[in-house]
Amino acid sequence: MRRGRSLENSVLAAPVVLFLLLLLGFPTVLDIIYGFSDVTFETLRNPSFNGLDNFRTVIADDDFWHASWFSLKFGVLTALAECAIGLFLAVYLAPLIRQHPWLLAFLIAPMIVSPAMMGLMYRLVLHEFVGPLPHYLYTWMGDSPAFLSRENVFLTVFTIETLQWTPFALLLLYMAYEAIPLHVREAAAVDGVRPLKRFWYVELPQMLPTLGIAFFIRFIDGFRVFDNIFVLTGSGPGGSTMSLSIYIYEAFFKSGSIGKALAASILLFVTSFLILLLAGRLIRGRAE
Amino acid sequence: MKNRSLLRFGMAGLVLMAGAQSAWADVTVLGWPGGPEESALRAATDIYNAQESVTEQNKVDLIFFSRDGFFDKLQADLAAGTDAFDVNLLATYSIGRYAAYMDPISLSGEAESVFGDTVLSTMQFDGKQYGVPTDLSLHFMYYRTDLLQALMNDEAAKARYAEISEEYLGKAMEPKNPDDWTWEDFAANALYFTKAVNSESPTRYGTVLQMKNLLFNMMVFHSLPRAYGADWMDESGNITVDSEAYRTALQLFKVLLDAGATPKDSLSYEYAEANAAYASGQVAAMVQWNAAAAELTDAEKSPTVAAVTSTIAPPTGPEGRFTHIHGLGLGLNRNAPNREGAQMFLEWLSTRDAALAYAKAGGAPGLTAETAAAIADERADLVQLGDYASSYGFVMNGATAEKALSVYELQAKEFTGYWAGSQSLDEALAATKAGMAELLK
């Protein structure tokens, strides 16, 4: 009976496994081959093995390190800001959302917009001659800053990303906040704990796992940022807004350096895998 | 009974498929989507397909990708050896990139008299003709006639103009008719009409420069260094980007950006942003693609400036007046399933009748003066386009090479880095020279 069920499970799972192998496995194997090859668009079918040359080129490329630093900084800062603001809103607006649950749908609306559209929208919103923001700044204050200048562009893309994805942190953290059992809060209140201390010593510790997950997801998303920045500024003056994803895209399509692009993507994959492994061990260690 | 029904359905399906097959055209053409190029190609194709001499199996069908990432998608398709189309779009700056997957073509006997040598050369690579030029792009200088008229008639304004030019450009200059402008006059005019420099200026900015890190912006920029004699390579193939001509041009843009003569966010500006700035009425003059003329001189689309905007070729320099030109065209896929039919269509497209039909339907082919005269009443802009292309058009030495697009990308990155202040002029030119040597070797 058990054997029959096992066979049935295998048969039912086979199409999905096959599909995943084809869809993910084949490109991955091809990426690894190309990452160790001298290959161009003309030699896609007969790449020549060149060992670690592509990896050496990538590691010696200043742009790769600038792009990595940009992605890391962007990922960490946006994740921190989104989680901090999301946490504040989740707690501060909880009574209001409890009374009017539809508010939550309204608050998470920015997440529905695709990042590329968001970039396009801000290209208009921030344009000095057609955008509403510079228009009102000129009208009320007589001047408007250069939102996309080299000095301000990081702050601008950071703000855009934070505005769009804070609702994600808000959603997760509000759910976590609401999941705290009522009797825990009531017990703290009966013991005379003030709201701020109650939050810090009772509620926040219970929300920490969710906060960690929200930070982690937002960091991954911020680290691999591409669409909105690419639409808004491209790789920026002198490559000032070149994220690692943009670096890989430009190396592949714009420069035709396929091996170099894939070597960079393999390095990115290995680094991400190691970070995930480390994070997993840390979480398991804490749980034990 | 059930089997018989299935058989009937099967037969009907086969008949339908066969019918559809015969209705499908056997020459598939991948065109440039959206805009006047698509309308013009559709109109020309209809005329071609209606000809009695064109057999059913040689009729043309059109397909289009989206414009976003068009050339990247085309690159991937061609590299994969696609036979989904017989004829595909190509552009001057990407011929070298695609030549490996395309075959040279032969044009009609009329082609030279219809397009002229300069325009035909925009579709050549390694001395071979890879495409029929369909649309030509070059630069106009757009300027406000009302502002210049007022400046020329005001002695006090002229004195202020001289003071400003002396302060920023090192010599006292006087306003001139735009026909006679050098690039220094362009800069002096831009500074005079800038609020940050001249509080009396009627406009906020004297010009709008497209300085985003984008390859197309480099094409707009190149008309300036070329006027000072710049080229990518000399006859022997040595990279000549670290030249006085490039230095002068790059510095001039930097002076204008630092002085506030172009909008603060110019480092993120491209075609659309520059048009919006000019159309707002807050810019006195700019160098922009010829395609913008339709928008900026249309009273409905640009009510503030349409009536007072005039166009002329970009300013001149010590080595003459120049405008970057590049063409869009159609060429032959090496894996074309119907090579003969495709070649026939391309040959027809290079005839006088086809070029005129394409132009009448909204396209912008670069035509010789004699050919353009035939439709001067309907498309006066094409007379100017053809004239500028043959008189001032240039293609940098190496700008059709396999990695030409990458060279533009490299220059965009390094030059914008200099303008933004993240590196010095020497560093930018040294990095560009080293990168170009690698790309064009």
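Domain bounds here come from an automatic or database domain assignment. This is a predicted model, in which local features need pLDDT of at least 70, side-chain atom pairs count only at pLDDT 80 or more, and totals for chains, interfaces and linings use all residues. Residues are numbered from 1 along each chain as its sequence is written, chains are lettered from A and ligands numbered from 1 in the order in which they are written, and side-chain values use heavy atoms, with hydrogens and water left out.

Start by colouring chain B in two parts: 24-135 + 326-394 is domain 1, and 139-323 + 403-439 is domain 2. Their C-alpha centres are 31 Å apart.

Next, select the place where the two meet. Here 10 residues of domain 1 of chain B are in contact (heavy atoms within 4.5 Å) with 17 residues of domain 2 of chain B. About 1300 Å² is buried between these domains, 72% of it from carbon and sulfur atoms; buried area is the accessible area (1.4 Å probe) that two parts lose on being put together, summed over both.

Helices (H or I, at least four residues) and strands (E, at least two) are DSSP runs, numbered from the N terminus. On that side of domain 1, α17(B) gives the most, with four residues.
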